[in-house]
Amino acid sequence: MVAHDADAERASPEETGRRRAIREETARLRALLRAAGTDPQAGFPGSAADWEARLATAEELNARLRASEAFTARLLAASRDSIQVLSLDGTVQWLSEGGRAAAGRPDEDVIGTPWAASWQDGDRVAAEVALAAARTGRTGRFRAPSGPRDAPRWWDVVVSAIQGPDGAPERLLAVARDVTEAQRAEEQQALLMQEMAHRVKNTLALVQAVAAQTLRSATSVDAAMEAFNGRLMALSDAHDVLIRGAWAEADLAAVVAGVMAPHIDALAGRFSASGPAVSLGPRAVLTLSLMLHELATNAAKYGALSSPAGRVAVTWALSGDEAALLRLRWQESDGPPVAPPRRGGFGSRLIERSLVHSFGGRVGLRFPTEGVVMEFEAPLAAMQDGISERS
Amino acid sequence: MTSDPDRTPSDAQHGGPSPACDAAPVVLLVEDDGLLLMEAADTLAEAGFTVLEAPHADQALAVLESRPDVELLMTDVDMPLGSMNGFALARLVSRRWPRIPVLVVSGMGSPGPHDMPPGARFIPKPYAPSALVRTLHDTVRRAA
């Protein structure tokens, strides 16, 4: 069957090798018959039975040829590829059912037209180059779109020579495979790589700023080291929370839980968090995590979490028209008496500046004797920026 | 950099305001991330600049309209809160205030062919603070 396919595929429009063999065999038989009629002495190379056998062979060859052609037609129809036979100058001579479906036009609009012209401007050159390669017996290959500009199909196109009986290219075969899905996946991958590179750079810039700010306000190298590590871990925890939401969003409760987790041993029953389900965007998650980390660290050193009886409550609510405003409150109580910090360190600067600046909100950080209070409100839309980016 | 005629050893040493300017050059920083802005503002203030801040393009334009003494604009690209990104702001500023040099800072690889206005400089994030200060001093001096 393999030999059939190869023969049949080579030139369905015209004479195949098998057809030629039959024609030649028939001609030889006719010549023998003629010789027998004119010269009885010439003699048949064989008996009548031989003749019967020869004719039977010819008929069988014919039957096999028909079956082979029918099979070839089914084979070509079964292929999802767009298969076209071109003349050496690149004119379309024949196309498979896949080719017809890809063209989306009646055969008569395609057959007789230059194949390269069916590709869009920039790809026409690639098509011509592929044709030139095929004419010299090599394989031409390119990838190009076709169809509507807003939703093109992408094709992996291979052009090769169909050899004539003498082995020289007689016609060209253009097979285009639909690789739209692969193309989309590659584009998506390239986009993701670019996005990741952007994020890594931004993260490095953020870490750089945290490091520099930590060093600016540190009293000693050891203190700077400890503070920086804590901040880096807070950012790392915030990343974990974000990755769970495919870096698109995170629930506020999860963000609060992530920040407080390192303190949780000391917190049994002394920490509470409550509020409605609120999704936050990546930027808000990072900023809020750093802020809450500063508050928690401060509380563990000097505030409510530094004494066994102290408590911390984090509460939040949505308010305003259409719940467009997020209000969050950090409240410490039952800890040692609070003394306001002498100078604004990293934490208080971050809280006072970052949130207001980044999200257009308002923030209040107060140090009443009974416990530190931080309250902020910010437009929910600003805190949720980035959530829709993924869709 | 050694061939840069604008950079003299004395500048590099004191790192202070350019001798060409009497007062501290006024730079407008446009950056949506509060922490990055805080650090950049500290860096530039220490280097002798007077720093004005804006979290997004619209606020930056308001500052430019009210402060004719702004000598330099340094802007981030992605600023979701404003009505335009940093590239659009850079182009607008270079048209409306052609005397103000523009620096665009971003974590994205490099700007597209039509993103930047002519003459503007692109600085990738993260940047070395000392290089930023040097670039800003050079830029102010060239514009003077």
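## Worked exercises on a two-chain model

Helix α11 of chain A passes helix α2 of chain B in a right-handed crossing, where right-handed means that the near helix is turned clockwise from the far one by less than a right angle, and left-handed anticlockwise. The model is predicted: local features need pLDDT of at least 70, side-chain atom pairs count only at pLDDT 80 or more, and totals for chains, interfaces and linings use all residues. Residues are numbered from 1 along each chain as its sequence is written, with chains lettered from A and ligands numbered from 1 in the order in which they are written.

**Exercise 1.** Describe the crossing of α11(A) and α2(B), and list the residues that make the contact.

Next, collect the residues. From α11(A) come A:R349, A:L350, A:R353, A:S354, A:L355, A:H357 and A:S358, and α2(B) supplies B:G34, B:L35, B:L37 and B:M38. Contact means C-beta atoms, placed from the backbone, within 7 Å.

Then sort by class: the contact has 5 nonpolar, 4 polar and 2 charged residues. (Ala, Val, Leu, Ile, Met, Phe, Trp, Tyr, Cys and Pro count as nonpolar, Asp, Glu, Lys and Arg as charged, and the others, Gly among them, as polar.)

Finally, take the two chains as a whole: 17 residues of chain B touch 24 residues of chain A. The chain B side holds 9 nonpolar, 3 polar and 5 charged residues. For the complex, the predictor gives an ipTM of 0.80 and a pTM of 0.71.

**Exercise 2.** In the open sheet of 5 strands in chain A, which strands stand at the edges?

*Solution.* Write down the order first: β7-β9-β10-β12-β11, with mixed pairing. (Strands pair if DSSP finds at least two bridges between them.) The edges are β7 (271–274) and β11 (362–366) of chain A; each has a single partner strand, so one side of each lacks a neighbour in the sheet. The twist averages 5 degrees from one strand to the next.

Strands β7(A) and β9(A), residues 311–319, run parallel and are joined by 4 bridges; A:A273 stands opposite A:V314. Helix α9 of chain A, residues 252–260, packs on the sheet and touches both β7(A) and β9(A), its direction making about 165 degrees with that of β7(A).

**Exercise 3.** Which residue takes a positive phi in the hairpin of β1(A) and β2(A)?

*Solution.* Strands β1(A), residues 82–86, and β2(A), residues 92–95, pair antiparallel over 3 bridges. A:L86 has A:V92 as its bridge partner. Among the 5 residues between the strands, A:G90 takes the positive phi, near 95 degrees.

**Exercise 4.** Where in chain B is confidence lowest, and where highest?

*Solution.* Begin with the averages of pLDDT, the predictor's confidence in each residue from 0 to 100. Chain B has a mean of 83, with 85% of its residues at 70 or more; chain A averages 85, with 91% scoring at least 70. In chain B, the lowest mean is 39, in helix α1 (residues 9–14), and the highest is 95, in strand β1 (residues 26–30). Values stay under 50 over residues 1–21 of chain B and over residues 1–12 of chain A.

Methods. Helices (H or I, at least four residues) and strands (E, at least two) are DSSP runs, numbered from the N terminus. Axes are lines fitted to C-alpha atoms, for helices over the stretch in contact, and angles run from 0 to 180 degrees between N-to-C directions.
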